[in-house]
Amino acid sequence: MKFTDGYWQIRDGYHVQNPADVRDIVQKGDSLTVYAATKRIERKGDTLNGTLLKATYSSPMPDVIRVQLNHHKGKFNPGPEFALNTLNTDVEITQDEHGAELKSGNLRVSVNKLKGWDIGFHYNDKRLTGSGWRGPAYIESATEGAFFREQLELGVGEYVYGLGERFTPFVKNGQVVEIWNEDGGTSSEQAYKNIPFYLSNKGYGVFVNHPEKVSYEIASENVSKVQFSVEGETLEYFIIGGANPKEVLDNYTKLTGKPVLPPAWTFGLWLTTSFTTDYDEATVNHFVDGMAERDLPLSVFHFDCFWMKEYQWCDFEWDKDMFPDPEGMLKRLKDKGLKICAWINPYIAEKSLLFDEGMEKGYLVKTADGSVWQWDKWQAGMGLVDFTNPEATAWYKDKLKGLIDQGVDCFKTDFGERIPTDVVYYDGSDPVKMHNYYTFLYNKAVFDVLEENLGKNEAALFARSATVGGQQFPVHWGGDCSSNYSSMAESLRGGLSLGLSGFGFWSHDISGFEATAEPDVYKRWVQFGLLSSHSRLHGNESYRVPWLFDEEAVDVVRDFTKLKLSLMPYLFNSAVESSVKGLPMMRAMVLEYPDDPTCATLDLQYMFGDSILVAPIFNQQGDVRYYLPEGTWTNYLTGAKVQGGRWISEHHDFKTLPIMIKPNSLIAVGAVDSKPDYDFADNVSLHLFELADGETAQAVVVNQTAERELQVAVTRSGSKLDIRAAGAGKPWSIVLRGIESVSSIKGGTQQAGSQGIIVTAAAGASELTIEL
């Protein structure tokens, strides 16, 4: 939202007041409050009939500083508010005649008394950003109410990322961003998952603690500033520090919640009925059996909207005309080794049997006159479940429990963005704040009922909408994309942006949702989709099984599904890291290589975990241009070695693409490629890539409950490899990628393999020595 007309003038209709003269700094406990007049005070009379703005600095945890700006603090706030995790934090506060400082961990804020308004944020001795002259502002409008604004410095060469799942350019500089959840598809500036947190390549983050609309001007209104504003009398934000961008994300998710580890079975291939197709049990079996007959490992089958009868979403009742024996059908599918997902949303159509019950008991959101809020968009006469009412939440969860009892393992929690603001909630919540926050209550209720009935580490969603804290209820997917290469690229941008907003797990509709992809788009998107954290074949008006595209598509789905399943020991350990540190599994290059300037803007490639670089192909010709940081990289599929520190141009058929392993990597590869949930440590092979003299490569293998079963470290000294293993209770081996012979082995045996020498550890061995 813009308030200025160019650099000097104020837009018509706005009255802007900035802190101009620091009058007092008061320490109260572990906080500092700065009182600033909005004009220079020359004499005592100037203190009358004027505005005093306040800024309070405190710390909810080490390396995080809270900033609370306010004009009048007496306004009632009905909520909701984001749930934040705070710690008892030791802060250091100092004051002298020049100003004051508050330090938390390695992060500090400095207040200069002598320069009007001059606030700096520093990590150790490095200045991160600051708030200066005309930065903060209290703004009044006769027609729009009051606003609070902040402007933080944006340095030369500084880039801004994140702000949720945004499909616009990956680097947000120059963009206007509204934090307001919308059902806008993947081809617009609107977003399903709006997160008021951005990450800077200078190594800090800024989180604006407001559930309502937050308006950002990112080097757009003022080209050297990041501006954010909210309506009202107060503005609260956090400066989040860290030694690198990974630590910043760790600290942000400590504050707002860590992503929960999804169960291992969710990492396999999902197949759906698609949206508007015709299907019954025979159709479902035709596709499920067709996958099995073609040796296409399938892990989850998803029933989209029309498992319920039209006009009755949601009544949580199977359409008896199409599914006369739902319990029997689900059992028959589960006997084939499948997990079951069912589509839901938080809306109750008037034709649903639940509408009258919800209306009678007050479980639906109301209008100001006490009526049930309704409209005809999506479902005729639909109402909205009021999740601020504990009884309504329990009622909704109970309906889902019935489906779980039938055999449903997870839910696709669609929608949650089209939330009205002219309504009244049970608990009196501000409906404007609830517009974005509603999705948190909705997804939390569904996640909780799964966890309560299936147990810890067994709950999983496939969610479209989100707000701050929603990362605790994975998995999320990218919404309605088109079936073309441009939409494939915009989906990747959205996923990378979401990953830099605290979300660990993300998926997308392989080959696009709208229309039907050409066979080449389908096959290229399959490669990308099966090298994503979660992988789902889904669409709108046509089925997405590969043999409907061409026979080569069948081979591509088989090869890349089996590839992903074989990589589960590596991938699941990466997933555990995501849940512990708040890192995305699919990582923008800048997150792994913050000191490589070329990586700062890359959005057509990504790191899958910390060691595998993926460069999807976005054209019919099979041409790809990608960047490799320094070192000798190895294509996992072909074994080709490529020197980094430069751009690479290659051509690939549909069986390959750049899946590049960074040097000094030890990749854990499983012995199973038919399912995702197996014993990862049993007969695991650890593939060693380009270990340099004096370097150590490490790998950790965990089980499905995230317990460490095997840890291996390989150190190279000249021609000698020293291997140390902890927890080696099951057979394991080392694959020396690209090495065809060795001089000697102590502690194991060797055999030739197609990818290099395979060294099998002796039973119970914890130490091996290899002479190259």
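Me: In this predicted model, which residues does E417 touch, not counting residues up to four places away in sequence?

Reply: E417 touches N181, E182, D183, Y192, Y347, H435, R464 and S465. The residue itself lies in the loop between strand 27 (410–413) and helix 6 (431–454).

Me: What makes the pairing of the E417 and R464 side chains a polar contact?

Reply: The two side chains come to 2.8 Å from each other. A polar contact requires a pair of N or O atoms within 3.5 Å, and the contact between E417 and R464 is counted as one.

Me: How is Y396 classed, buried or exposed, and why?

Reply: Y396, which lies in helix 5 (residues 390–406), has 1% relative accessibility. The limit for buried is under 20%, and Y396 therefore counts as buried.

Me: Which residues are in contact with Y396, leaving aside its neighbours within four places in sequence?

Reply: Y396 is in contact with F316, I344, N345, P346, V385, F387, Y442 and V446. With one of them, N345, there is also a polar approach: the backbone oxygen of N345 lies 2.8 Å from a polar atom of the Y396 side chain. By contrast, the C-alpha atoms of Y396 and V424, 28 residues apart along the chain, are separated by 19 Å.

Me: What makes N484 a cap of helix 7?

Reply: A side-chain oxygen of N484 lies 3.3 Å from the backbone nitrogen of S486. The cut-off for a polar contact is 3.5 Å, and N484 caps the N-terminal end of helix 7.

Me: Why is helix 8 called roughly parallel to helix 9?

Reply: Helix 8 (residues 519–529) and helix 9 (residues 551–566) pack at an angle of about 5°, with their axes 9 Å apart. Angles under 35 degrees count as roughly parallel, which makes helix 8 roughly parallel to helix 9. Y522, K523, V526 and Q527 in helix 8 meet E552, A553, V556, V557 and F560 in helix 9. By class, this contact has six nonpolar, one polar and two charged residues.

Me: Why are helix 9 and helix 10 described as oblique to each other?

Reply: Helix 9 and helix 10 pack at an angle of about 60°, with their axes 5 Å apart. Roughly parallel needs an angle under 35 degrees and roughly perpendicular 65 to 115; helix 9 and helix 10 are therefore oblique to each other. K564, L565 and S566 of helix 9 make the contact with M568, P569 and L571 of helix 10. Its residues divide into four nonpolar, one polar and one charged.

Me: What makes helix 10 mostly covered?

Reply: Eleven of the 14 residues of helix 10 are buried. Among them are M568, P569, Y570, L571 and F572, together with E577. Helix 10 (residues 568–581) reaches 19 Å from its first C-alpha to its last, close to the 20 Å expected at 1.5 Å a residue.

Me: Which residue follows helix 10, and what is its phi?

Reply: G582 follows helix 10, and its phi is positive, near 75°.

Notes: Residues are numbered from 1 along each chain as its sequence is written. This is a predicted model: local features need pLDDT of at least 70, side-chain atom pairs count only at pLDDT 80 or more; totals for chains, interfaces and linings use all residues. Side-chain values use heavy atoms; hydrogens and water are left out. Axes are lines fitted to C-alpha atoms, for helices over the stretch in contact, and angles run from 0 to 180 degrees between N-to-C directions. Helices (H or I, at least four residues) and strands (E, at least two) are DSSP runs, numbered from the N terminus. Angles under 35 degrees count as roughly parallel, over 145 as roughly antiparallel, 65 to 115 as roughly perpendicular and the rest as oblique. Contact means heavy atoms within 4.5 Å. Ala, Val, Leu, Ile, Met, Phe, Trp, Tyr, Cys and Pro count as nonpolar, Asp, Glu, Lys and Arg as charged, and the others, Gly among them, as polar. A polar contact is a pair of N or O atoms within 3.5 Å; within protein, one must be able to donate a hydrogen and the other to accept it, and residues adjacent in sequence count only if both atoms are side-chain atoms. The expected span of a helix is 1.5 Å times one less than its number of residues. Buried means under 20% relative accessible area, exposed over 50%, partly exposed in between (1.4 Å probe, protein chains only).
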